[in-house]
Amino acid sequence: MRLDGNSTQVLFLLMKKYSIIHIIGIVALILTCIPIIYLLLQAFRPTETVLSNQLLIAYIRNTIIMILVVGFSAGFLGLTLAWIISFYDFPFRRFFKVVLALPLAIPPYIAAVSYSDFMYVNGLFPRLLGTFGITKHFDIMNIHGAIFIYSITLYPYVYIACLSFFKYTSASFVENARVLKANWVKLFSKVGVPLARLPLVAGLTLVIMELVSDFGVIDYYGVQGFSTGIYKIWHNYSDFYGAIRLSAILLCIIFAVVYIESFLRRRLRYFTTSKSKSIKLIRVKNARYLLIYFTLTLIITFIIPLIQLVYNGIYAYEKIWNIKLLQVTLNTVYYTSIASFICVGISFVIANYVKGKKGIFAKTISKLATMGYSIPGVLVGLSVMFTFFDVDKLLVPLYRFIGIKQKVLVLSTSVFVFMFAYVVRFMAVSFNNINAGYKKINPNLFRASATLKQSTSQTFWRVDFPLMLPTLLMSFLLVFLEILKELPITLMLKPYKLETLTGFVHTYTHNEQYSEASIYSLVIILLGIITVSLIMLFREKKYVKS
Amino acid sequence: MLSLKNISFYYNKNQMILQDINLEVKQGELIAILGSSGSGKSTLLNLVAGLEKVSVGQILLDQKDITDVVCEKRNIGMIFQDYALFPHLTVEKNVGFALKSYKDPIVDAMLKLVKMESFKKRYPYELSGGEKQRVAIARSLAAQPKVLLLDEPFSNLDADLRYKVRKEVKEILTQANITSIMVTHDIDDAYDIADRIVFLKQGRIDRIEEVKATKL
Ligand SMILES: Nc1ncnc2c1ncn2[C@@H]1O[C@H](COP(=O)(O)OP(=O)(O)OP(=O)(O)O)[C@@H](O)[C@H]1O
Ligand SMILES: [Mg+2]
């Protein structure tokens, strides 16, 4: 592009209106959206495809069944646990409050592998039954198993959403009901359920997003679903356009979910209160059944998968436990941190830009920034790959010119593109968090800073940044956790030479070397536990009172 | 020294928020703006501070046109209804916010002026409403503005304190010899401390009244 007088002027005007850092942020955001748009444009090309109607119906049917059942069970688990912890007092309450969020540290695909081992012939569960004289084993590698795995790994999204909401909910609501001497079943169904509609909607949306975009579980259990369908059509049949068309259908379902969510949210908004008032907890006199419920949940969702992994891992312990494992772990932490950092950085700039703005442009920008999370990993992987294939093809003359002889796919097999895909996928996680954080800061502080002679950038460093720091750290942890658990993008875009924990887990599982895979899985879970614990601790801390 | 000439303001043209505001403020004068809720009082202060842009009209400060000058360059201080103290900074750092360093002697002088020397190291959440307000005044004055704007400075205080504090504020403002505009919807506030009262009604100036009798 040549810069004539006119466009320099336009550029100058732009620079005057927007600060450089905002321009960089917005450009980065728009770049992350290009692959998806590029991909979807291909959906309209008429081509032959292996995608049959039968297959399509199976995908849709399975997906809907899983959404409904998992939605119900994860919703029930998450809501009841959060409800009891928020309003009742019983032994080990604080302990359970934290550990019930820990299943968030287990990637669903790892839980899937672990549980199928646990239940199958010669698994720990049949052997345990054997000691009671029962000979039976269970094959859970089917849609029922998948539903079970999703329920136990995804319920913490509802749990945490409800927990946060109840903390800021009007105490009088519950106090009133209590005065009416309602028993606990009544209290829960008459007050709890209606009160929790908003966090239920928010939490369940996350559950559904995770579910439809998950790849590992349905892949391992052989369930026909969209993610695996897209991957297989592309990978096994090289039917690019079939994959894209399937993606387009999946996106329609997802956007429907997003639309329903925002509709429900708008209708339920009047329920939110921001005043936090500490509620006197109801003492539970006989906590036995309650403790059984909590302990069972903890055992099933967290301890069993962990025990199975440890059990498997023992066999490969000596072979795997070496400096290599440490290197791969550090490598994973390093790349995961970089991608998380970029997500947080861009989100912060964008959130700072849209703060307090009401125009169409600002609205579009924040919509774009929240889009990625609703796009499944397989699709992000596919679109980023597809886009950079074409970019690479364009750049071949350049590669030859700078002396790269044989290779054609330079960019698309690079770490850069791998990181780029992560950012596309997970930026929304940090943006939503940071944007919500901004809304909690008194806007007069920014205006006060201006009346105290501070420019926008001075205000940014002296007010925005220090006040947002806890939120930024929290967002970092959230994105870190998501990337740690991510599978399909790693499968599709990880440079061959780059060694990550997820990569090893997948390779070993693929080769049925379950013991070796277990150890790498355990390291992922350990990192996850650290991250989740930090997140739960951070939630408790009130950084500054205003 | 501060003059507002034919100022109008709207978010969209069908709905004027402020219309044809003309006002001359003299050096050292305290003007009170009185009006019911929604009459545009806060908006008027925001326009003078530069937090919003006027739709029509001109603002002059010491004969200089500052209509298009950004807020941070106007040299006009503002005290917000909720005081807007920075929650992450101590009292002395809040007061020194506009200065190069909070160790500047001006900080101590201002804290002394508002009688808050012994609260230096506290954080805003450790202060009462009246104390917060005095810190907010000190913080604005430390920036040495030519004009000070106060948006309902007493509305967060209960009746007893309100009476005491407004006398104090008047004293501080007189000592600092600063030109100020104070928004209020309490008629007692206005008659008690202002030199002139501007009655705002549905975005227009209804009348302007001199206050003499109640002085001294
Ligand atoms: N962002 C906005 N968009 C549209 N109208 C607005 C906006 N902000 C304020 N208004 C309108 O401008 C008018 C004046 O508001 P302003 O805040 O100046 O009133 P006020 O006199 O300070 O009232 P109060 O005593 O309640 O503080 C109100 O009618 C209000 O509805
Ligand atoms: Mg007001």
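**Figure 1. Confidence of the predicted model in chain B.** In this predicted model, the residues of chain B have an average pLDDT of 88, and 98% of them score at least 70. Within chain B, the lowest confidence falls in helix H5 (residues 159–176), with a mean of 83. The highest is found in helix H2 (residues 91–95), at 94. For the model, the scores are ipTM 0.91 and pTM 0.86.

**Figure 2. The open sheet of chain B.** Four strands of chain B form an open sheet in the order E2-E1-E4-E5, with antiparallel pairing. Strand E2 (15–25) and strand E5 (64–65) are the edge strands of this sheet, and each pairs on one side only. Strands of a sheet pair through backbone hydrogen bonds, in either a parallel or an antiparallel manner. Strand E1 (residues 2–12) and strand E4 (residues 56–61) of chain B run antiparallel and are joined by 5 bridges. Two residue pairs may be picked out in this view. Lys5(B) has Gln58(B) of E4(B) as its bridge partner, and Ser8(B) stands opposite Val56(B), also of E4(B).

**Figure 3. The hairpin of strands E4 and E5 in chain B.** E4(B) pairs with E5(B) in the antiparallel sense, over 2 bridges. Leu61(B) has Lys64(B), in E5(B), as its bridge partner. The hairpin has 2 residues between the strands, and Asp62(B) takes a positive phi near 50° there. E5(B) is also one of the edge strands of the sheet.

**Figure 4. A nonpolar surface patch on chain A.** Phe148(A), Tyr289(A), Ile292(A), Leu296(A), Ile299(A) and Ile300(A) make a nonpolar surface patch of about 530 Å². Helix H14 (residues 288–320) of chain A supplies the largest share of the patch, 5 residues.

**Figure 5. The buried surroundings of Val378(A).** Val378(A) is found in helix H17 (residues 377–401) of chain A. Its relative accessible area is 1%, and Val378(A) is therefore buried. Leaving aside neighbours within four places in sequence, the residues in contact with Val378(A) are Phe215(A), Ser227(A), Ile230(A), Tyr231(A), Pro488(A) and Met492(A). One of these, Met492(A), lies 114 residues from Val378(A) along the chain, while the C-alpha atoms of the two are separated by 8.0 Å.

**Figure 6. A salt bridge between Lys319(A) and Glu516(A).** The whole structure holds 16 salt bridges over all chains. In one of them, Lys319(A) is joined to Glu516(A), with the closest N and O atoms 2.5 Å apart. This pair links distant parts of the chain, 197 residues apart: Lys319(A) belongs to helix H14 of chain A, and Glu516(A) to helix H23 (residues 514–540) of chain A. The two partners may be compared by their accessibility. Lys319(A) has a relative accessibility of 52% and counts as exposed, whereas Glu516(A), at 10%, is buried.

**Figure 7. A salt bridge between Lys121(B) and Glu92(B).** Side chains of opposite charge can pair when their charged atoms come close. Here, the side chains of Lys121(B) and Glu92(B) meet in a salt bridge with an N to O distance of 2.6 Å. Lys121(B) is exposed, at a relative accessible area of 60%, whereas Glu92(B) is buried, at 7%.

**Figure 8. A network of salt bridges in chain B.** Salt bridges link Arg162(B), Arg166(B), Lys167(B), Asp186(B), Asp189(B) and Asp192(B) in a network. Within this group, Lys167(B) forms a salt bridge with Asp192(B), and their closest N and O atoms are 3.0 Å apart. The two residues are 25 residues apart and link distant parts of the chain, with Lys167(B) in helix H5 and Asp192(B) in helix H6 (residues 187–193) of chain B. Lys167(B) is partly exposed, with a relative accessible area of 37%. Asp192(B) is partly exposed as well, with a relative accessible area of 21%.

Key: Residues numbered from 1 in each chain as written. Chains lettered and ligands numbered in written order. Predicted model: local features only at pLDDT ≥ 70, side-chain atom pairs only at ≥ 80, totals over all residues. Heavy atoms only, no water. pLDDT = per-residue confidence, 0-100. Patch = residues over 30% accessible without salt bridge, like charges linked within 9 Å, V, L, I, M, F, W, Y side chains within 5 Å. Areas by Shrake-Rupley, 256 points an atom, 1.4 Å probe, with all protein chains shown as cover. Salt bridge = Lys/Arg side-chain N within 4 Å of Asp/Glu carboxyl O. Pairing = 2+ DSSP bridges. Buried < 20%, exposed > 50% of the residue type's maximum accessible area, 1.4 Å probe, protein only. Contact = heavy atoms within 4.5 Å.
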